[in-house]
Amino acid sequence: MTTPDSDGLLAEQLLRLTRRVHRIQKRHLEQRELGITPAQSRLLRTLAHWESPPRMADLAERLEVVPRAVTTLVDGLEASGKVRRVPDPTNRRVIRIELTDDGRGALRELRAARRSAAEEILAPLTGGQRESLGGLLDTLIDGPPTGTC
């Protein structure tokens with residue numbers, strides 16, 4: 001009799017959890033009727049971290065997608081009034097993307113949807129379990145602390 005591959009099992013559990021997180025976040029997003037796709041949501045969250053409006057190429061690089069994908073996302077968000085294209089003050093050939101007031105409002109709603117989705121997902125865990133999970137996830141995301149192996 002063979003034993004299951006424990007690393008393979010962990011990888012499968014992580015994939016299943018990721019899918020569940022996406023499903024739950026998508027449902028919470030849809031309940032708020034913002035008309036924003038998960039990809040548009042990611043672009044808005046990314047855009048909010050810039051001090052000044054970025055170029056579309058900057059967004060594509062940060063999102064790790066091709067520039068054409070950003071163009072499509074920006075087109076949809078601009079049509080709904082969440083972002084606007086603005087000329088670069090120093091180079092008229094460059095277009096930058098900035099959040100509108102509606103975009104900032106949508107971000108507040110998106111954050112609330114993500115919080116409520118997280119509460120639903122984490123509900124079965126105690127405070128101590130959540131703390132342990134956070135530490136484990138940090139290790140997986142960032143790798144081991146420098147100087148240890």
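**View 1. Which residues does isoleucine 97 touch, not counting residues up to four places away in sequence?** Leaving out those close sequence neighbours, isoleucine 97 is in contact with Leu47, Pro53, Pro54, Met56, Leu59, Val74, Val83, Arg84 and Arg85 (contact means heavy atoms within 4.5 Å). Before you look further, note that this is a predicted model, in which local features need pLDDT of at least 70, side-chain atom pairs count only at pLDDT 80 or more, and totals for chains, interfaces and linings use all residues. Residues are numbered from 1 along each chain as its sequence is written, and side-chain values use heavy atoms, with hydrogens and water left out.

**View 2. The largest nonpolar core.** This core has 20 residues, and Ile97 is among those with the most contacts inside it, together with Leu43, Leu44, Val70, Val74 and Val83. Two or more core residues come from each of α2 (38–47), α3 (56–63), α4 (67–79), β2 and α5. Here is what the words mean: a nonpolar core is a set of buried Ala, Val, Leu, Ile, Met, Phe, Trp, Tyr and Cys residues joined through side-chain atoms within 4.5 Å. Buried is under 20% relative accessible area, exposed is over 50%, and partly exposed is in between (1.4 Å probe, protein chains only). Helices (H or I, at least four residues) and strands (E, at least two) are DSSP runs, numbered from the N terminus. In soluble globular proteins, nonpolar side chains tend to be buried together.

**View 3. Helix α2 and its buried side.** Look along α2 for its buried residues: Gln40, Ser41, Leu43, Leu44, Thr46 and Leu47. The elements covering them include α3, α4, β1, β2 and α5. Serine 41 has a relative accessible area of 5%, so it counts as buried. Apart from neighbours within four places in sequence, serine 41 is in contact with Ile36 and Leu110.

**View 4. Where α2 meets α4.** The axes of these two helices are 10 Å apart, and the helices pack at an angle of about 90° (axes are lines fitted to C-alpha atoms, for helices over the stretch in contact, and angles run from 0 to 180 degrees between N-to-C directions). That angle makes α2 roughly perpendicular to α4 (65 to 115 degrees; under 35 is roughly parallel, over 145 roughly antiparallel, and the rest oblique). On the α2 side you can find Ala39, Gln40, Leu43 and Leu44, and they meet Val70, Leu73, Val74, Gly76 and Leu77 of α4. Sorted by class, this contact has seven nonpolar, two polar and no charged residues. For these classes, Ala, Val, Leu, Ile, Met, Phe, Trp, Tyr, Cys and Pro count as nonpolar, Asp, Glu, Lys and Arg as charged, and the others, Gly among them, as polar.

**View 5. Where α2 meets α3.** This pair packs at an angle of about 110°, with axes 11 Å apart. α2 and α3 are therefore roughly perpendicular to each other. Arg42, Leu43, Thr46 and Leu47 of α2 make the contact with Leu59, Arg62 and Leu63 of α3. By class, there are four nonpolar, one polar and two charged residues in this contact.

View 6. The buried residues here are Met56, Asp58, Leu59, Ala60 and Leu63, and they pack against α2, α4, β1 (83–87) and β2. Glutamate 64 is not a glycine, yet its phi is positive, at about 60°. Its relative accessible area is 71%, so it is exposed.

**View 7. Another positive phi, at glutamate 33.** Most residues other than glycine have a negative phi, and most peptide bonds are trans. Glutamate 33 has a positive phi, near 50°. You will find it in the loop between α1 (6–31) and α2. With 72% relative accessibility, glutamate 33 counts as exposed.

**View 8. Threonine 100, between β2 and α5.** This residue sits in the loop between β2 (95–99) and α5 (101–122). Threonine 100 has a relative accessible area of 8%, so it is buried. Beyond residues up to four places away in sequence, threonine 100 touches Gly81, Lys82, Val83 and Arg84. A polar atom of the threonine 100 side chain lies 2.4 Å from the backbone oxygen of glycine 81.

**View 9. Serine 116 and histidine 28.** Serine 116 lies in helix α5. It touches His28 and Arg32, not counting residues up to four places away in sequence. The side chains of serine 116 and histidine 28 make a polar contact (2.8 Å). A polar contact is a pair of N or O atoms within 3.5 Å; within protein, one must be able to donate a hydrogen and the other to accept it, and residues adjacent in sequence count only if both atoms are side-chain atoms.
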